[in-house]
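Trainee: I would like to learn how the labels used for a model follow from their definitions. Can we go through one together?

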Amino acid sequence: MSNREDQPEAVAPRQQIAAYYASPARRPEAVRALFNRFAGHYDLINHIFSFGSGAWYRRTCLRHAGIGPGMAVVDVAVGTGLLARQAQRLMQGDGTLIGIDLSEAMLGLAQKTLGIPLIQATAEALPLADGIADFVTMGYALRHLSDINLALSEALRLLRPGGKLVLLEVSAPSHPALRRAAGVFIGGMLPAVSALATRNRQAKALMAYHWQTIAAYAPPEAVVEALRRTGFQNVACASEFDFFRFYSGQKPRQSAIDSE
Ligand SMILES: C[S@@+](CC[C@H](N)C(=O)[O-])C[C@H]1O[C@@H](n2cnc3c(N)ncnc32)[C@H](O)[C@@H]1O
């Protein structure tokens with residue numbers, strides 16, 4: 001018999017999306033190929049999806065978490081740099097910011113505008129030393145990870161005691177009617193709009209994938225539980241419209257670690 005503590009897979013997607021990855025082991029390669037293919041359309045699609053509020057929302061969450069000048073920040077799954085750019089703005093040129101991503105095409109685009117060290121690696125195996133970061137951030141990548149538990153452990157390892165993890169994600173609304181409406185809008189209408197805006201049918205596929213991963217993903221409570229189980233303290237999850245989620249957690253301070 002097993003209990004919840006024994007089930008690190010509690011935050012695995014509710015179902016594998018067989019159309020995209022034949023098996024969990026093939027997932028990183030499939031996700032990398034997907035983002036490599038769509039990198040050139042990502043910013044525009046993101047702009048459509050967030051009705052232009054994406055930069056403001058990202059910056060508001062980062063400011064609320066406490067990112068500012070003089071800090072050391074690692075942005076995991078940096079993509080084209082949409083979240084990192086807002087961290088950079090808040091840091092005002094004072095501090096260190098490093099971006100990590102598995103897609104070379106996304107990193108290539110980030111490189112054009114960010115001017116920060118960028119590393120091609122996965123969230124599940126970060127090639128950085130222990131305790132170097134005041135903040136680890138990750139925007140809209142939870143759903144794409146092959147192992148969230150490993151990724152959270154890696155984030156915890158990188159943080160200095162007292163440092164914070166900030167996760168932004170979207171999740172399917174819990175109310176069935178809202179969930180259905182979101183499915184029609186995000187899974188049906190937005191793919192069509194994206195295809196028109198980018199004049200690329202593949203953009204439609206990216207948006208369709210987007211909704212399928214949202215619908216298939218574990219509920220926010222499971223993410224909160226995973227953060228706690230990994231060892232984060234002061235875990236919180238704020239929500240906008242029961243859709244946009246802003247998770248945070250803190251690495252225990254040294255005194256708390258010593259007294260364990
Ligand atoms: C939806 S984009 C988000 C980009 C950016 N954080 C933002 O706020 O717009 C997701 C990014 O996660 C990256 N990604 C997916 N799985 C990953 C993994 N296991 N390790 C590192 N990066 C990953 C993808 O390559 C992609 O660039």
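Mentor: Of the 22 residues around the ligand, Ala-77, Gly-79, Leu-82, Ser-103 and Gly-139 come nearest. This is a predicted model, where local features need pLDDT of at least 70, side-chain atom pairs count only at pLDDT 80 or more, and totals for chains, interfaces and linings use all residues. Residues are numbered from 1 along each chain as its sequence is written.

Trainee: What makes a residue count as near a molecule?

Mentor: Its C-beta atom, placed from the backbone, has to lie within 6 Å of the molecule or strand in question.

Trainee: Which classes of residue are in the shell around the ligand?

Mentor: The shell has 13 nonpolar, 7 polar and 2 charged residues. Ala, Val, Leu, Ile, Met, Phe, Trp, Tyr, Cys and Pro count as nonpolar, Asp, Glu, Lys and Arg as charged, and the others, Gly among them, as polar.

Trainee: Why is Ala-77 called buried?

Mentor: Ala-77 has 25 C-beta neighbours inside 10 Å. The label buried needs 20 or more other C-beta atoms within 10 Å of the residue's own, exposed means 12 or fewer, and partly exposed is in between, with C-beta atoms placed from the backbone. Ala-77 therefore counts as buried.

Trainee: Why is Phe-241 called exposed?

Mentor: Phe-241 has 9 other C-beta atoms within 10 Å, so Phe-241 is exposed.

Trainee: What is phi of Phe-241 near?

Mentor: Phi of Phe-241 is near 55°, a positive value in a residue other than glycine. Ala-77, also not a glycine, has a positive phi of about 60°.
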